[in-house]
Amino acid sequence: MVVVLRESPLNSIRNTEGLRHCVGLTLDDNHVTALLVDAAVWLAHPMSPALVEAGDVKKPLDMLALLKMRVIVEKESLELWGLQQGVVVKGVEIMTRDAVSELLAAADIAYAF
């Protein structure tokens, strides 16, 4: 199962809730991959949730890592937003757009949150 997050986390808790949703989906023995594209790549960048009113993204990211679930950020989206690939939070994988397309095509379920 792939959950695609694509909106900006800045000044919104939508993507934080999306990550929490991913954690919740694991309760039914689902293998969940959170895919960050477009403006959602900011979730993969270290930030202060209090300053941007985005909610605490660290907790669900840490929980997904603990559960051995994948969090993937699209390389081209990082570049689009001017974020450096070496500055993503620990445990987040960087994947090219072509590889993301293959991941989505192979997924049994894929949806955007």
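Two strands are counted as paired if DSSP finds at least two bridges between them. Strands (E, at least two residues) and helices (H or I, at least four) are DSSP runs, numbered from the N terminus. The model is predicted: local features need pLDDT of at least 70, side-chain atom pairs count only at pLDDT 80 or more, and totals for chains, interfaces and linings use all residues. Residues are numbered from 1 along each chain as its sequence is written, and side-chain values use heavy atoms, with hydrogens and water left out.

The sheet is described first. Five strands form an open sheet with parallel pairing, in the order E4-E3-E2-E1-E5. E4 and strand E5 (110-112) are the edge strands, and each pairs on one side only. Neighbouring strands are turned by 25° against each other on average, direction ignored. Here axes are lines fitted to C-alpha atoms, for helices over the stretch in contact, and angles run from 0 to 180 degrees between N-to-C directions. In general, strands of a sheet pair through backbone hydrogen bonds, either parallel or antiparallel.

E2 and E3 pair in the parallel sense over four bridges. Within this pairing, arginine 70 in E3 is the bridge partner of threonine 33. Isoleucine 72 in E3 stands opposite leucine 35. E3 also runs parallel to E4, and four bridges join the two. Valine 71 faces this way, standing opposite valine 92 in E4. Four of the five residues of E3 are buried (under 20% relative accessible area; exposed is over 50%, partly exposed in between; 1.4 Å probe, protein chains only). E3 is therefore largely enclosed by the rest of the structure.

Threonine 33 lies in strand E2. Its relative accessible area is 4%, so threonine 33 is buried. Contact is defined as heavy atoms within 4.5 Å. Leaving aside neighbours within four places in sequence, threonine 33 is in contact with Met1, Val2, Val3, Arg70, Ile72 and Leu103.

Nonpolar packing comes next. A nonpolar core is a set of buried Ala, Val, Leu, Ile, Met, Phe, Trp, Tyr and Cys residues joined through side-chain atoms within 4.5 Å. The largest such core has 24 residues. Leu19, Leu36, Leu64 and Val73 have the most contacts inside it. Strand E1 (2-5), H1, E2, H3 and E3 are the elements that give two or more residues to this core. H1 gives the most, with four residues. Leaving aside neighbours within four places in sequence, leucine 19 is in contact with Leu5, Ala34, Leu43, Val57, Pro60, Leu61 and Leu64. Apart from this core lies another, of eight residues, among them Leu35, Ile72, Met95 and Val100.

Pro60, Leu61 and Leu64 are buried. Seen down the axis of H3, the buried residues fall within an arc of 100°, so they line one face of the helix. The arc is that of the directions from the helix axis to the C-beta atoms. The buried residues of H3 pack against helix H1 (14-25), strand E2 (33-36) and E3. The face turned away from the buried side carries the exposed residues Lys58, Lys59 and Leu66. Just after H3, lysine 68 takes a positive phi of about 60°.

Charged pairs complete the picture. A salt bridge is a side-chain nitrogen of Lys or Arg within 4 Å of a carboxyl oxygen of Asp or Glu. The count comes to six salt bridges. One of them joins glutamate 93 to arginine 70, with the closest N and O atoms 2.9 Å apart. Glutamate 93 lies in strand E4 (residues 92-95) and arginine 70 in strand E3 (residues 70-74), so the pair ties together parts that are 23 residues apart in sequence. Glutamate 93 is partly exposed, with a relative accessible area of 29%. Arginine 70 is likewise partly exposed, at 29%.

Glutamate 74 forms a salt bridge with arginine 97, the closest N and O atoms lying 2.7 Å apart. Glutamate 74 belongs to strand E3 and arginine 97 to helix H5 (residues 97-106), so this pair also ties together parts 23 residues apart in sequence. Glutamate 74 is buried at 6% relative accessibility, whereas arginine 97 is partly exposed at 42%. Arginine 14 pairs with glutamate 7 in a further salt bridge, the closest N and O atoms being 3.4 Å apart. Arginine 14 is partly exposed at 36% relative accessibility, and glutamate 7 is partly exposed at 34%.
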